[in-house]
Amino acid sequence: VSKMRSISTLLQSKALVNGSWIEASSKDTFAVCNPANGEVIGKVPNMGVEDAQLAINAAKQAYESKEWRSLTAKDRSNLLKKWHKLIEANTQEIAEIMTAESGKPINESKGEVLYGNAFVEWFAEEARRIYGEVVPSGTANREVIVMKQPIGVAALITPWNFPLAMITRKAGAALAAGCTVVVKPSEDTPLTALAVAKLAEDAGIPKGVINVITTNKAAPIGALFCQSPDVRGISFTGSTQVGKLLFRDSAQGIKRVCLELGGNAPFIVFDSANVEKAVDGAMASKFRNCGQTCVSANRFFVQEGVYDKFVTLLKQRVEALKIGDGKSCDVQIGPLINQMQFDKVSGFVEDARTKKANIIVGGKGLSDLGSLFYAPTIVTDVPATAQLYTEEVFGPVVSIIKFKDEAEAVHKANDTQRGLAGYFYSENLQQVFRVAKRLEVGMVGVNEGIISAPEAPFGGVKESGVGREGSHHGIDDYVDIKYICMGNL
Ligand code: ADP
């Protein structure tokens, strides 16, 4: 099945429910636009709760069907491997669709296909290692057996910033565990989701195992997922605000919930750091996907002794960034995803300006390029009251704060209700261990600005979420532990 598809056969205008490509029952559609130029790339069904219910029914039926339930772990692994091969063979085509709908520079889109597909491969491997236990019993003539079983239907709600990887990181784990899924991709990036679903179909993944419903009215569908007794788990990546809503609403049915929410990542550069490496890490962490990742460094704390050097080097690098339509290979910074994000980023910078921060590069929209382009920006002396400090900017803005000693840096880094990623640069071994242990985050980058990998557990503490994705822990949200007591042996 190593056949490649052309973009035209990967670009779908219908959604996938129970193995059929269908319209919304209302026949309603919505347009998907290129944020670089506003052009309409395609239209997809604007589905409602009736359509979502059909998808849940299909996933339930598929879950209970012989075609899925009777498969061995090895069979499921093989299907995931086929899917992986097809995504790999179509990297360029998927990346072009992704760049068109998300604005992500093409090289990064290709990188995301590679990264996202690595989860399919990883979970194809993990599928065969979902082990149980035989525990020494405390009672004679008894055996304590523990097995892991799939939870059933999982609803997956994903954001626009990683249109492929956020789906494969969830669906890979769910399918490996033996679950079936209903995917609700972001309204900004449904085309990548539909393209990978098409390839799942080509790979021979049975009908109803992966369903994708597209809509620009997410709230009622999210509510249905929370209410439906047939949905056993909800995995969500997106804003903290929506995550809280889903967490609350899914209490009704005591569902398994995995939430990957916003961060407010500190990036600390100590006097002991290799400053050149810190600047490389800062560029990678901050400007990937135009700063629109939940693990992007959000607040840079730089110690007095290296402050001037760090700011000078960083400024040179920021001024050299190439900005434009992501489809050109040399572009490093594309547009922001939509007007709401643009307004948020420019609003935060204006807020900092009025609070007496210094904008040393950028600080404005680049309307010559298009309405959603924002200049890569560095803001120094950011006060703790600025939105740039308290909230996640999700844009190409570096906010820098000077500090005196380690205790101050750690205190400020932890002074937030978010706790997803944190980064620091230090060449002092004792300091590395002290700080790594004290940062209140789920993931720490030590002398490294890009840390996500399929082998590593991704997730946050505090209000950044619950559960972990990727790694062998990524399976946990999709399995129930069953204890079987064998008595009177
Ligand atoms: P972002 O800031 O990344 O757009 P959102 O949380 O708004 O964050 O969006 C992430 C995903 O959640 C998208 O697929 C979006 O459609 C979906 N979403 C938005 N509001 C709701 C809601 N009330 N219930 C369920 N899903 C929602």
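Modeller: This is a predicted model. A place to start is where Ser-77, Leu-80, Lys-81, Trp-83, His-84, Ile-87 and Glu-88 in helix 4 meet Val-113, Asn-117, Val-120, Glu-121, Phe-123 and Ala-124 in helix 6. By class, that contact between helix 4 and helix 6 has seven nonpolar, three polar and three charged residues.

Colleague: Why are helix 4 and helix 6 called roughly antiparallel?

Modeller: The axes of helix 4 (residues 73-89) and helix 6 (residues 106-126) cross at roughly 165 degrees. Angles over 145 degrees count as roughly antiparallel, so helix 4 and helix 6 are roughly antiparallel to each other. Their axes come within 8 Å, and the crossing is left-handed.

Colleague: Which residues make the contact between helix 5 and helix 6?

Modeller: Helix 5 contributes Thr-91, Ile-94, Ala-95, Met-98 and Thr-99, while helix 6 contributes Ile-106, Ser-109, Lys-110, Glu-112, Val-113 and Leu-114. Sorted by class, the contact of helix 5 with helix 6 has six nonpolar, three polar and two charged residues.

Colleague: How do you know that helix 11 and helix 12 are oblique?

Modeller: Helix 11 (residues 275-287) and helix 12 (residues 304-319) pack at an angle of about 45 degrees, with axes 10 Å apart. Roughly parallel would need an angle under 35 degrees, and roughly perpendicular starts at 65. Helix 11 and helix 12 are therefore oblique to each other. Their crossing is right-handed. On the helix 11 side the contact is made by Val-275, Ala-278, Val-279, Ala-282 and Met-283, and on the helix 12 side by Val-306, Lys-309, Phe-310, Leu-313, Leu-314 and Arg-317. This contact of helix 11 with helix 12 has nine nonpolar, no polar and two charged residues.

Colleague: Which residues come nearest to the ligand?

Modeller: Of the 14 residues around the ligand, the nearest are Ala-218, Gly-222, Gly-238, Ser-239 and Val-242. Helix 9 (218-227) and helix 10 (240-249) are the elements that give two or more residues to this shell. By class, the shell has seven nonpolar, five polar and two charged residues.

Colleague: What does the UniProt record say about residues 21-484?

Modeller: The unreviewed UniProt entry annotates residues 21-484 as "domain: Aldehyde dehydrogenase". Over residues 21-484 the chain is 39% helix and 21% strand, and the end C-alpha atoms are 41 Å apart.

Conventions. Residues numbered from 1 in each chain as written. Predicted model: local features only at pLDDT ≥ 70, side-chain atom pairs only at ≥ 80, totals over all residues. Axes fitted to C-alpha atoms, helices over the stretch in contact; angles between N-to-C directions. Helix = DSSP H or I, 4+ residues; strand = E, 2+ residues; numbered from the N terminus. Parallel < 35°, antiparallel > 145°, perpendicular 65-115°, else oblique. Left-handed = near helix turned anticlockwise from the far one by under 90°. Contact = placed C-beta atoms within 7 Å. Nonpolar A, V, L, I, M, F, W, Y, C, P; charged D, E, K, R; others polar. UniProt positions renumbered as here; feature names shortened; annotations may be inferred. Near = placed C-beta within 6 Å.
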